[in-house]
Amino acid sequence: IPRSEPIIHKTGTQYRTACHMLVANPQDGGARAVVITTCAADMDDVKDAGGIFRRVGEAVTASVIARP
């Protein structure tokens, strides 16, 4: 998600599970908000899951956020 986008971001971990939740464009009562939740189990949060979470953000940016 581009740094220029307003976001709310929360991370969480449980036993062998890492999750990230993000709300992009939360302003205006969420009228144009995009909610993204992703979790990965049995992976290293930084090395493996971090790369997957990054690719999810890139895909959401390309398909939803970057649209006019």
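This report covers the sheet and the nonpolar core of a predicted model.

Residues are numbered from 1 along each chain as its sequence is written, and side-chain values use heavy atoms, without hydrogens or water. Local features need pLDDT of at least 70, side-chain atom pairs count only at pLDDT 80 or more, and totals for chains, interfaces and linings use all residues.

**Sheet.** Three strands form an open sheet in the order E1-E2-E3, paired antiparallel. Strands (E, at least two residues) and helices (H or I, at least four) are DSSP runs, numbered from the N terminus. Pairing requires at least two DSSP bridges between two strands. E1 and E3 are the edge strands, each pairing on one side only. From one strand to the next, the twist averages 10°, with axes fitted to C-alpha atoms and angles running from 0 to 180 degrees between N-to-C directions.

E1 spans residues 7-14 and pairs with E2 over eight bridges. Their hairpin has two residues between the strands, and Arg 16 there takes a positive phi near 60°. Eight bridges also join E2 to E3.

| Residue | Bridge partner |
|---|---|
| Ile 7 | Ala 24 in E2 |
| Thr 17 | Ala 41 in E3 |
| His 20 | Thr 38 in E3 |

**Core.** The largest nonpolar core holds six residues: Leu 22, Ala 24, Val 34, Ile 36, Val 60 and Ile 65. Buried means under 20% relative accessible area (1.4 Å probe, protein chains only), exposed over 50%, and partly exposed in between.

Beyond its neighbours within four places in sequence, Ala 24 contacts (heavy atoms within 4.5 Å) Pro 6, Ile 7, Arg 32, Ala 33, Val 34 and Ile 65.

Definitions and conventions
Core = buried A, V, L, I, M, F, W, Y, C linked by side-chain atoms within 4.5 Å.
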